[in-house]
Amino acid sequence: MAEAISDDRGGILLNIFYEIIGSPLNLLLVGVITILVYTIFKRRQQHYLEPVKEPELPKLKKDFTNEELKKYDGTGPDGRILIAVDGKVFDVTRGKNFYGPGGAYSAFAGKDASRGLATFSVSVEKEGYDDLSDLDPRQMEEVREWAIQFHEKYIYVGKLLKPGEAATNYSDEEEEKENVGQDSTNQAGDNKPDKTSSSDNKEQNTDKPKAE
(Lines give C-alpha, C1' and ligand atoms only; values in the text may rest on other atoms or scores of the structure.)
Protein backbone atom coordinates (compact mmCIF):
# COMPACT_ATOMS: atom_id res chain seq x y z
CA MET A 1 0.00 0.00 0.00
CA ALA A 2 2.88 2.35 0.82
CA GLU A 3 4.35 1.71 -2.61
CA ALA A 4 1.02 2.58 -4.23
CA ILE A 5 0.84 5.89 -2.35
CA SER A 6 4.41 6.67 -3.37
CA ASP A 7 3.60 5.92 -7.02
CA ASP A 8 0.53 8.17 -6.84
CA ARG A 9 2.60 11.07 -5.47
CA GLY A 10 5.23 10.56 -8.13
CA GLY A 11 2.56 10.53 -10.81
CA ILE A 12 0.99 13.76 -9.51
CA LEU A 13 4.34 15.56 -9.41
CA LEU A 14 5.15 14.32 -12.90
CA ASN A 15 1.81 15.59 -14.19
CA ILE A 16 2.42 19.01 -12.61
CA PHE A 17 5.87 19.15 -14.20
CA TYR A 18 4.46 18.35 -17.64
CA GLU A 19 1.72 20.95 -17.15
CA ILE A 20 4.34 23.61 -16.40
CA ILE A 21 6.69 22.88 -19.28
CA GLY A 22 3.82 22.30 -21.66
CA SER A 23 2.60 25.91 -21.43
CA PRO A 24 4.73 29.00 -22.21
CA LEU A 25 2.56 31.02 -19.83
CA ASN A 26 3.27 28.63 -16.97
CA LEU A 27 7.00 28.77 -17.70
CA LEU A 28 6.86 32.58 -17.64
CA LEU A 29 5.04 32.57 -14.30
CA VAL A 30 7.58 30.17 -12.79
CA GLY A 31 10.40 32.41 -14.01
CA VAL A 32 8.81 35.54 -12.50
CA ILE A 33 8.19 33.79 -9.16
CA THR A 34 11.80 32.54 -9.10
CA ILE A 35 13.15 36.05 -9.69
CA LEU A 36 10.91 37.53 -6.97
CA VAL A 37 11.96 34.91 -4.43
CA TYR A 38 15.64 35.45 -5.27
CA THR A 39 15.30 39.25 -4.97
CA ILE A 40 13.60 39.02 -1.57
CA PHE A 41 16.20 36.59 -0.27
CA LYS A 42 19.07 38.74 -1.57
CA ARG A 43 17.72 41.89 0.09
CA ARG A 44 17.31 40.14 3.42
CA GLN A 45 20.82 38.74 3.16
CA GLN A 46 22.27 42.21 2.45
CA HIS A 47 20.31 43.64 5.38
CA TYR A 48 21.96 41.21 7.79
CA LEU A 49 25.44 41.38 6.27
CA GLU A 50 25.79 45.15 5.87
CA PRO A 51 27.88 46.69 8.69
CA VAL A 52 25.98 48.96 11.02
CA LYS A 53 27.17 52.56 10.64
CA GLU A 54 27.93 54.12 13.97
CA PRO A 55 26.58 57.64 14.52
CA GLU A 56 29.17 60.38 14.11
CA LEU A 57 30.06 62.08 17.37
CA PRO A 58 29.54 65.85 17.65
CA LYS A 59 32.67 67.91 17.16
CA LEU A 60 34.58 68.62 20.36
CA LYS A 61 36.79 71.68 20.80
CA LYS A 62 38.12 72.47 24.27
CA ASP A 63 41.11 72.24 26.56
CA PHE A 64 41.39 69.55 29.23
CA THR A 65 42.97 68.98 32.60
CA ASN A 66 44.34 65.52 33.35
CA GLU A 67 41.32 64.81 35.51
CA GLU A 68 38.86 65.82 32.77
CA LEU A 69 40.76 63.75 30.21
CA LYS A 70 40.25 60.55 32.23
CA LYS A 71 36.52 60.55 31.40
CA TYR A 72 37.27 59.92 27.72
CA ASP A 73 38.77 56.45 27.81
CA GLY A 74 36.17 54.84 25.54
CA THR A 75 33.97 53.51 28.33
CA GLY A 76 31.63 56.53 28.45
CA PRO A 77 28.11 56.61 26.95
CA ASP A 78 29.35 58.01 23.62
CA GLY A 79 32.51 55.87 23.47
CA ARG A 80 34.72 58.88 22.73
CA ILE A 81 38.47 58.35 23.20
CA LEU A 82 40.92 61.19 23.79
CA ILE A 83 44.70 60.96 24.10
CA ALA A 84 47.20 63.71 24.90
CA VAL A 85 50.62 63.90 23.24
CA ASP A 86 53.14 66.71 23.77
CA GLY A 87 50.56 68.94 25.47
CA LYS A 88 47.97 68.45 22.73
CA VAL A 89 44.72 66.48 23.00
CA PHE A 90 43.51 64.35 20.09
CA ASP A 91 40.23 62.56 19.42
CA VAL A 92 41.28 59.02 18.45
CA THR A 93 37.80 57.47 18.59
CA ARG A 94 38.06 56.16 15.04
CA GLY A 95 41.09 54.16 16.17
CA LYS A 96 39.09 52.47 18.94
CA ASN A 97 40.25 49.02 17.83
CA PHE A 98 43.70 50.06 19.05
CA TYR A 99 42.96 52.58 21.83
CA GLY A 100 39.52 51.46 23.02
CA PRO A 101 38.75 48.88 25.73
CA GLY A 102 40.55 45.66 24.93
CA GLY A 103 42.82 47.33 22.36
CA ALA A 104 46.59 46.92 22.32
CA TYR A 105 47.12 50.54 23.44
CA SER A 106 44.03 51.02 25.60
CA ALA A 107 46.33 52.07 28.47
CA PHE A 108 46.80 55.42 26.67
CA ALA A 109 43.06 56.18 26.46
CA GLY A 110 42.01 59.19 28.51
CA LYS A 111 45.62 59.94 29.48
CA ASP A 112 48.78 61.78 28.51
CA ALA A 113 50.61 59.20 26.39
CA SER A 114 53.76 61.30 25.88
CA ARG A 115 55.99 59.49 28.37
CA GLY A 116 54.83 56.06 27.24
CA LEU A 117 55.48 56.88 23.58
CA ALA A 118 58.90 58.35 24.38
CA THR A 119 59.97 55.26 26.31
CA PHE A 120 58.21 52.68 24.10
CA SER A 121 56.04 51.50 27.00
CA VAL A 122 52.26 51.40 27.42
CA SER A 123 52.47 51.14 31.20
CA VAL A 124 54.64 54.16 32.08
CA GLU A 125 52.56 56.92 33.65
CA LYS A 126 53.01 59.74 36.15
CA GLU A 127 50.29 60.78 38.54
CA GLY A 128 48.89 64.23 37.73
CA TYR A 129 50.36 66.59 35.15
CA ASP A 130 53.60 65.33 33.59
CA ASP A 131 55.93 68.11 32.43
CA LEU A 132 58.35 65.55 30.91
CA SER A 133 61.27 67.55 32.33
CA ASP A 134 63.27 64.41 33.11
CA LEU A 135 63.22 63.11 29.52
CA ASP A 136 66.43 63.45 27.51
CA PRO A 137 66.60 65.33 24.15
CA ARG A 138 66.22 62.14 22.12
CA GLN A 139 63.08 61.17 24.00
CA MET A 140 61.61 64.67 23.63
CA GLU A 141 62.25 64.52 19.90
CA GLU A 142 60.40 61.22 19.89
CA VAL A 143 57.42 62.87 21.61
CA ARG A 144 57.35 65.68 19.03
CA GLU A 145 57.45 63.19 16.16
CA TRP A 146 54.51 61.32 17.67
CA ALA A 147 52.56 64.57 18.01
CA ILE A 148 53.07 65.21 14.28
CA GLN A 149 51.78 61.73 13.46
CA PHE A 150 48.69 62.21 15.61
CA HIS A 151 48.07 65.62 13.99
CA GLU A 152 48.10 63.97 10.58
CA LYS A 153 45.81 61.07 11.45
CA TYR A 154 43.41 62.26 14.16
CA ILE A 155 41.36 65.30 15.14
CA TYR A 156 43.04 67.95 17.28
CA VAL A 157 40.71 68.86 20.16
CA GLY A 158 42.65 71.29 22.34
CA LYS A 159 45.47 71.65 24.85
CA LEU A 160 46.36 69.60 27.89
CA LEU A 161 46.30 72.25 30.60
CA LYS A 162 49.13 72.76 33.03
CA PRO A 163 48.22 73.21 36.72
CA GLY A 164 46.63 76.66 37.11
CA GLU A 165 46.49 77.33 33.36
CA ALA A 166 43.23 78.83 32.09
CA ALA A 167 41.31 77.06 29.35
CA THR A 168 40.93 78.74 25.96
CA ASN A 169 37.47 79.88 24.91
CA TYR A 170 37.47 78.63 21.33
CA SER A 171 35.45 80.79 18.95
CA ASP A 172 34.87 79.92 15.30
CA GLU A 173 37.62 82.33 14.28
CA GLU A 174 40.13 80.85 16.73
CA GLU A 175 39.17 77.36 15.60
CA GLU A 176 39.86 78.31 11.99
CA LYS A 177 43.26 79.73 12.96
CA GLU A 178 44.01 76.54 14.87
CA ASN A 179 43.19 74.44 11.80
CA VAL A 180 45.49 76.60 9.67
CA GLY A 181 48.22 76.21 12.26
CA GLN A 182 47.68 72.47 12.27
CA ASP A 183 48.03 72.33 8.47
CA SER A 184 51.27 74.30 8.72
CA THR A 185 52.58 71.86 11.32
CA ASN A 186 51.74 68.94 9.06
CA GLN A 187 53.48 70.58 6.10
CA ALA A 188 56.52 71.33 8.23
CA GLY A 189 56.64 67.69 9.25
CA ASP A 190 56.41 66.60 5.60
CA ASN A 191 59.30 68.89 4.62
CA LYS A 192 61.77 67.33 7.06
CA PRO A 193 63.36 64.39 5.20
CA ASP A 194 65.96 63.76 7.89
CA LYS A 195 63.28 63.33 10.56
CA THR A 196 61.24 61.04 8.34
CA SER A 197 64.27 58.94 7.55
CA SER A 198 65.19 58.80 11.21
CA SER A 199 61.65 57.82 12.14
CA ASP A 200 61.64 55.04 9.54
CA ASN A 201 64.90 53.65 10.87
CA LYS A 202 63.58 53.71 14.42
CA GLU A 203 60.44 51.86 13.41
CA GLN A 204 62.56 49.16 11.80
CA ASN A 205 64.83 48.78 14.82
CA THR A 206 62.34 49.08 17.68
CA ASP A 207 59.05 47.60 18.75
CA LYS A 208 57.32 50.94 19.37
CA PRO A 209 53.66 51.16 18.31
CA LYS A 210 52.57 53.36 15.41
CA ALA A 211 49.83 55.97 15.63
CA GLU A 212 47.19 53.44 14.60
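Predicted model: local features only at pLDDT ≥ 70, side-chain atom pairs only at ≥ 80, totals over all residues.
**Entry 1: the main core.** I looked up the largest nonpolar core and found 22 residues in it. I then asked which members touch the most other members. They are V85, V92, Y99 and F150. Next I checked which elements supply this core. I found that β1 (82–85), α5 (114–118) and α6 (137–153) each give at least two residues. The largest share comes from α6, with 5 residues. As background, I noted that nonpolar side chains tend to be buried together in soluble globular proteins.

**Entry 2: V85.** I listed the contacts of V85, leaving aside neighbours within four places in sequence. V85 is in contact with F90, D112, S114, L117, V143, W146, A147 and F150.

**Entry 3: D130.** I turned to D130, in the loop between α5 and α6. Is D130 buried or exposed? Its relative accessibility is 7%, so I count D130 as buried, the cut-off being under 20%. I then looked for polar partners. The side chain of D130 makes a polar contact of 2.6 Å with the side chain of R115. The D130 side chain also reaches the backbone nitrogen of L132, at 3.0 Å. Leaving aside neighbours within four places in sequence, I find D130 in contact with D112 and R115.

**Entry 4: cross-check.** I compared the two contact lists. D112 is in contact with V85, and D112 is in contact with D130 as well.

Terms used: Residues numbered from 1 in each chain as written. Heavy atoms only, no water. Core = buried A, V, L, I, M, F, W, Y, C linked by side-chain atoms within 4.5 Å. Buried < 20%, exposed > 50% of the residue type's maximum accessible area, 1.4 Å probe, protein only. Helix = DSSP H or I, 4+ residues; strand = E, 2+ residues; numbered from the N terminus. Contact = heavy atoms within 4.5 Å. Polar contact = N/O pair within 3.5 Å; in protein donor to acceptor, adjacent residues only side chain to side chain.
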